[in-house]
Every structure is written in structure tokens, then in C-alpha cells.
Amino acid sequence: MRDLLADETFGQPLIEASGLRIGRNGGTLLDIAHLALDGPGPTVILGPNGAGKSLLLRCLHGLITPDCGVVRQGGIPLNAAARSRQAMVFQKPVLLRRSVAANLDFVLKRQKLSRRDRKARIATLLDEGGLEGKARQPARSLSGGEAQRLAILRALARAPDILFLDEPTSALDPSATQRIEAMVLIAARRGTRIVMVTHDIGQARRMGHDIVLMQTGQVAEHALARDFFDAPQSQAARRFLAGALVL
Amino acid sequence: MLLILSGDSELWAIVLLSLKVSLLAVVVAAAIGMPLGAALAVGRFPGRRLVVVLLNALMGLPPVVVGLLVYLMLSRSGPLGVLQLLYTPTAMIIAQVVLVTPIIAALTRQTVETLDAEYAEQLRSLGVSRLASVPTLVWDGRVALLTALLAGFGRAIAEVGAVIMVGGNINHVTRVMTTTIALETSKGNLALALALGAILIGIAVSVTGLVSLLAVREGQGEMRHA
């Protein structure tokens, strides 16, 4: 599968997982022999509920330590330094019980920026997320779409190399979804590598450069988006696409 | 009512002593209970669940029994008898600390643990270690923690059984609102008892009102994404 994307890459894959396994109560939740995300992205991890998409994302981000196997970033096993260059946006935004600006400042303070720099950065970020004028509002009074935009801004405030998103729009209406997708694509264009989980095929078509289809904890197919949608190789992909198209 | 309005000095001395004893007790109990509660919330060690259950159970300590135990500790022949603390305000503070610490610790544990369940992954994602996440959890739980403190204060100021046993209800020394109300009622001096009762209610109600006010101001929109 790595060869498939090799024409787009240079040197080490940005992030790769080998031999990942997570089992619970005798069953296998995740079983990934090898997965290398080496294209420019965005990578969309697609699959039905319970396929292990979120679990894989958490392993790649180091939130969960797998029973065995290793995640490498730039060829080196994931460590604190590498993790500090990653960020993640969750399905349900977890906002601190503080103002909108303070949620961003929480991250910026950890980067040891001066007060003035932080203020300027917050203003820029809020502007980019369409949240200007809401800086002093309690973050938890934002609407669902605004809250998720703030969560994305907070993730981007870390200036991550890789941004993981776990179904960021699954609870949002189409217009809120559109704004989020636009934000993510802008971040991608600026050089942040996007790895996004979704079960929404339309979103995968709109966002994905390459698609990872997961089924029962395994990678069923990893292909460039155009190949995946036009000529899916695996039985699982054909069935998933067909089933979803019927819906 | 006349007693309150006339600024009867004896009455106000009693009120002040009550406030002083209970406030100090809450400060000491918070200094012990909040770190304990926070540690229990984020720490993982064998027997943790047992400690949590025990702590919750201690919230219901009967004041009279606490009074008895503190009395035994402090009495002339008790292990701490040499300190000669029995029948002093300090003894009353100790008894109230024993009563209030489990309340503050248990409520702190609950608040921090609930918040931790929500924040843990996000904070970890942002590179915040377990230990470093405690100040964040405490700060974001500030309203609930303040409520815990005030619940402790409410318990302390309204409590009568323990303070009467270790304080002795000595006029001008250890006589507080609750013990005076009990004494004056039994003596038939209902005017003073009622006046103190009114003040006690006033304190309790304004404390609770203050908490609600704070919670409403801080928690705007809290419900929408709770």
C-alpha cells in the first residue's frame, strides 16, 4: 500500500503504524499490520461505527498506548516532542469553562509567548474562525458550530505539523459543517497535515486526498481518493460505498 | 427583633464568635480537604475506591459523636489533654474541622473527578501532564468548589452538638449562636433565641444565595453543552 502513494512522497512517511493491536475481553478492537500516511493529505479515515477509526486516531496521537505495535512519526517512535507537534479535535468539543479568548490563551501560554504576542495571535485566530467579537464570551455559551470552530482554532494555536480530527462535524448542520471543512482545508493548504475520521462519504469525497477504509479494526483499503471512489479494490470498499449510496 | 436592631453588644459578640469559629474551621478544613479530594480524584492507587467510599460515608458523621471523640482527645486525661484546649474556641474549631473536612474533601473529589473525565483526553492532547492538569481542573471547577466550601460553612455554623460538648457553652468564651439558642430556649428566653435564630437564618440564606448568584454568572450557557 505504501507503493501506491510513493509517487507523492519524499523520504520517511510522516506517520506510520506497524503491528498495532488492541484487544478487549478476548475480542480484537484494532489490528493494523502496517499503515503509512505518506501523501500530502488530507487523509480521511472512513468506515462504519465500531470499525476502530477513533481508536486508530487516538493511537496515532498517543492518547492510547496499544497492546503492541508502534507508531512512528518521521521514522522515530512517537515521543513527547513529536506529540507536541500534533493536535487533535474531538467529536464533541471540550472547551474550558473560561472565555473564548482564555481557551486559546491556555494553549499559547504553554508556548511561552509574551503577553502582547499572545493577544495578537488570539485576535488573528478568532478572526480566522469567524469568532471575532466573541473573545470575552464564556466559551461554553457558543453554539455547536462555533464551539467546534474554537476547538479547531485552539488546536491550530499549537501550530501542529499534524492535525487529527475525530468526526468534527458529526453533530453539526450542513452550513456549520461547510465552515469547518473550509477551515480545515485552509489549514491543510498552509501545510498542516490533516488526518480526519468520518463516516460521511460526502465529506470524504470533499476533503480526502487519500482514503483509509476501516472495517472491524482492520484497514480494508488505503488508496488515493479518486481511485477509491472510482475503482475500489476491496470487497469491503465496494460494499461500503454501495451501501452508503443506497442510503 | 428589637434586640437585633438595638445592637445588643452581647448578642453581636455571640454572632461574631460563631462566624470566627466556623470561618476558621472551614479555612482549615479546606486546606486539608481540597488537596485530599483533588488527589483522590486524579490519583490512581490500590484501595482508592475504598477511601472514596469511606470519605463519602464520613460526610454523615453525627456531630454528637464527633464532639465526644474530640472531648476524649482533649480532656485532661486524654492524649492531647496537656494542651488544655477543652472548653476553648480552639476545641470548637477542631470539632468543626473534623465534621467539615470530609464534606469538603468528598465534594472536591466529586467535582474534580467529573471534570477530569471530561477534560482528561483533551488536556493530554494539549500536552498537559496528569499532575499539571490539577490546577486547570480546580480552576474550571471553581464554582462547584466554592459551593463545597459554603456547604461546609453551612454545616459548621449550624452545628450544635459537637461545639456544646467541647466548648461547654461558657458565656463570653465559647457561647455561639446555636448553643445560645438551645440554652435560651430551654430557659424560656425566647426573644434572644428568636433574634439569634433570625440572624442564623439570614447568614445561611445569604451564603446560599451568594453561591447561586455566582453559579448563574459563571455558568451562563453551561446547560447548553453540558
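This is a predicted model: local features need pLDDT of at least 70, side-chain atom pairs count only at pLDDT 80 or more; totals for chains, interfaces and linings use all residues.
Two residues are said to be in contact when heavy atoms of theirs lie within 4.5 Å. The domain assignment divides chain A into domain 1, formed by residues 3-94 + 160-246, and domain 2, formed by residues 96-141. Four residues of domain 1 of chain A are in contact with four residues of domain 2 of chain A, and the centres of the two domains, taken over C-alpha atoms, are 28 Å apart.

The size of an interface is often expressed as the accessible area that is lost when the parts come together. Between domain 1 and domain 2 of chain A this buried area is about 280 Å², with carbon and sulfur atoms giving 39% of the value. One salt bridge is found across this domain interface. The salt bridge between the side chains of A:Glu128 and A:Arg190 has an N to O distance of 3.3 Å. On the side of domain 1 of chain A that touches domain 2 of chain A, two residues are nonpolar, none is polar and two are charged. One residue pair is in polar contact between these domains, with both residues at pLDDT 80 or more.

The interface between the chains was examined in the same terms. Chain B contributes 21 residues to the contact and chain A contributes 27 residues. About 2,300 Å² is buried between chain B and chain A, and carbon and sulfur atoms account for 44% of this area. The two chains are joined by 15 residue pairs in polar contact, both residues of each pair being at pLDDT 80 or more. On the side of chain B that touches chain A, the elements giving two or more residues are helix 5 (89-125) and helix 6 (130-140) of chain B. Helix 5 of chain B gives the most, with eight residues. The residues on this side of chain B divide into seven nonpolar, seven polar and seven charged.

Salt bridges between chain B and chain A number four. In one of them, the side chains of B:Glu121 and A:Arg58 meet at 2.4 Å, N to O. A:Arg58 is among the buried residues of helix 1 of chain A, a helix spanning residues 53-60 in which six of the eight residues are buried. Just after helix 1 of chain A, A:Gly62 takes a positive phi of about 80°. In another salt bridge, the side chains of B:Glu118 and A:Arg97 meet at 3.1 Å, N to O. This pair crosses from helix 5 of chain B to the loop between strand 6 (86-89) and helix 3 (100-109) of chain A. B:Glu118 has a relative accessibility of 24% and therefore counts as partly exposed.

Over all chains, the whole structure contains 17 salt bridges. Within chain A, A:Asp105 and A:Lys109 form one whose closest N and O atoms are 4.0 Å apart. Both residues lie in helix 3 of chain A, four residues apart, or about one turn of the helix. A:Asp105 is buried, because its relative accessible area of 15% falls under the 20% limit. A further salt bridge links A:Arg206 with A:Glu181, the closest N and O atoms being 2.8 Å apart. A:Arg206 lies in helix 7 (residues 201-207) of chain A and A:Glu181 in helix 6 (residues 174-189) of chain A, so the pair ties together parts that are 25 residues apart in sequence. A:Arg206 counts as partly exposed at 47% relative accessibility, whereas A:Glu181 counts as buried at 7%. Finally, salt bridges with shared partners join A:Arg58, A:Asp166 and B:Glu121 into one network.

Note on methods: Residues are numbered from 1 along each chain as its sequence is written. Chains are lettered from A and ligands numbered from 1 in the order in which they are written. Side-chain values use heavy atoms; hydrogens and water are left out. Domain bounds come from an automatic or database domain assignment. Buried area is the accessible area (1.4 Å probe) that two parts lose on being put together, summed over both. A polar contact is a pair of N or O atoms within 3.5 Å; within protein, one must be able to donate a hydrogen and the other to accept it, and residues adjacent in sequence count only if both atoms are side-chain atoms. Ala, Val, Leu, Ile, Met, Phe, Trp, Tyr, Cys and Pro count as nonpolar, Asp, Glu, Lys and Arg as charged, and the others, Gly among them, as polar. Buried means under 20% relative accessible area, exposed over 50%, partly exposed in between (1.4 Å probe, protein chains only).
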